[in-house]
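Q: Could you take me through the aromatic rings in this model, slowly, as if I'm new to this?

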Amino acid sequence: MPSQLVTWLPYGLVGLGLLMRLVGLGARPLWFDEVISAVYARQDFPTLLQLNAGDNHPPGYYLALKIWLGLFGTDDTVVRLLSVGPGVVSIWLVWLIGRRLLPNMPGAALVATALTALSPFQIYFSQEARNYSILEMAVLLATFFWLRALETNRWLDWLGLGLAGVLGLVCNFTTAFYLAGLGLFCLFRVDLYWKRGVFQRLLLAGAGTALVSGLLLLPKLTSRLDTIKGNFWIPTPTFPIVLRTFYSFIFGATAPDRLLIAFGLAVVVLAIVGAQVAGALLTRLETTLGLTVWLVFGPISLIIIISYFFQPLYLDKALIGCAPFYYLLIGWAIFRPRRRRAGWILAAIPAGLALLLALVDLPAIYSGQINPAYIARYDAAGVSQYLRQHSQPDDLIISATDISWLPLVYYNPGLLPPEFPIKEYPYPNIFPALLDRLGTRYASLAELDQHHSGRIWLVLELNDPANRELSITPLDPARLDWFHSPEWQRETLLRFNRQHKYQSSLIIDHLLLVLFDG
């Protein structure tokens, strides 16, 4: 590969990655998780920490976002802009790590850098107002310093590893699995690293990282650990879920009519890369290739183990730190030395087709028409405008799920008629302190039956994104495509059909608005 291309192309990919992360920042409304970030960041510091006590994430990202919004304003674009910087830094770190892991294969590092810059998965989470782009940057920084420390054993590199680890831990607890993966790898060659003094310094760096981050997070870990554990709704990982992760790393999401093709391409890429990597490791010991494989599958394996024996924690987006090393394996499969010159085509063609298909759906990801798994997004501003125009002062707006409730309240503070989440919702993601700060409360079904005689708007979540009126009377829950909590939402609609007189219904961007008389 020409040296000038190797010199300048990484800079071009970083610039292209920055541009693609700036496009569409404000094109879609904040969804539930992003609204939580924005609400926290608008509070004073004591209130922010109080609200975060019931959250599943550490306070580091929220504190950074508060400072950011204080400097640049609270527009949706600004809220998301904080995530762009770490995402762009990650592109450059992938190039640096790739050159260190596979020094004789600059093409492999370029492929990994390009996939990090262009993958819709990477772009989406570099735009989302959550902590995942910081998580990835912290993991890559820790890995970069760790690789240098294994070679040089300099205290400065061990310090860099520790600081990167602390940064990641105070923003996302999943960082612990990546750091554990780095430490466990050294156990495979403990004799060598002990003789060189590397293992001793690794232990000290790990202890220091745990001590500093533990002290910073002590109030959260001691006072609310059971609550945090109870708030998790994530299913136990299965083989299809794990397989979906490698689809997500490339596509992030894709249109439903192309999902089968996209998933098939992702499986083909994984199978080709996996077969070539396994063959190379079986025929000869390649330390750097084995290390790259571990950086992909080590953290994934640890999270799967914890998910089965303690608490399900497996989320594609939380594995964002593994994605760049998978991209590096794809690059290795394309540029590995072969006897036949055309051997690179076997890996390059499906990987190239997968990336092209992923980029076709990128505009729909920018606009929010399609989203990665577990992202419940809808046009909260448009729904709220409709409710303002068609509701009456004595109406109530009742959300069957808190994910549908919170964005409506955020985009319309003090909206009349008032909005409430149903108290009996079995999978709560909110807590009383957050309700208090937004000037609302839970509404129980019994209270609605006994004390309200006016009109009620019931808000439910569907997979159907169409904006249209439903002519079904009475509305049949069995004929609706529910987004999540199908049994709860179905039973809630049936209950309202029994207790109240149905008037009309309308779907607005994944939300079903059903109007009842009291």
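A: Let's start with a group: Phe121, Tyr124, Phe125, Tyr132, Phe246, Phe249, Phe297 and Tyr326 make up one aromatic cluster. Before we zoom in, a quick word on the ground rules. This is a predicted model, where local features need pLDDT of at least 70 and side-chain atom pairs count only at pLDDT 80 or more, while totals for chains, interfaces and linings use all residues. Residues are numbered from 1 along each chain as its sequence is written, and side-chain values use heavy atoms, with hydrogens and water left out.

Now, what counts as a pair? Rings of Phe, Tyr and Trp (its six-membered ring) pair if their centres lie within 6.5 Å; planes under 30 degrees apart are stacked, over 60 edge-to-face, and the rest tilted. By this rule there are 26 aromatic pairs. One of them joins Phe121 and Phe125, edge-to-face, with 5.3 Å centre to centre and 70° between the planes. Both sit in helix H7 (residues 120–125), 4 residues apart, which is about one turn of the helix. Helices here are DSSP runs (H or I, at least four residues), numbered from the N terminus. Phe121 and Phe125 are both buried, meaning under 20% relative accessible area, whereas exposed is over 50% and partly exposed is in between (1.4 Å probe, protein chains only).

Phe185 and Phe188 also form an edge-to-face pair, at 5.8 Å centre to centre and 80° between the planes.

Conventions: Helix = DSSP H or I, 4+ residues; strand = E, 2+ residues; numbered from the N terminus.
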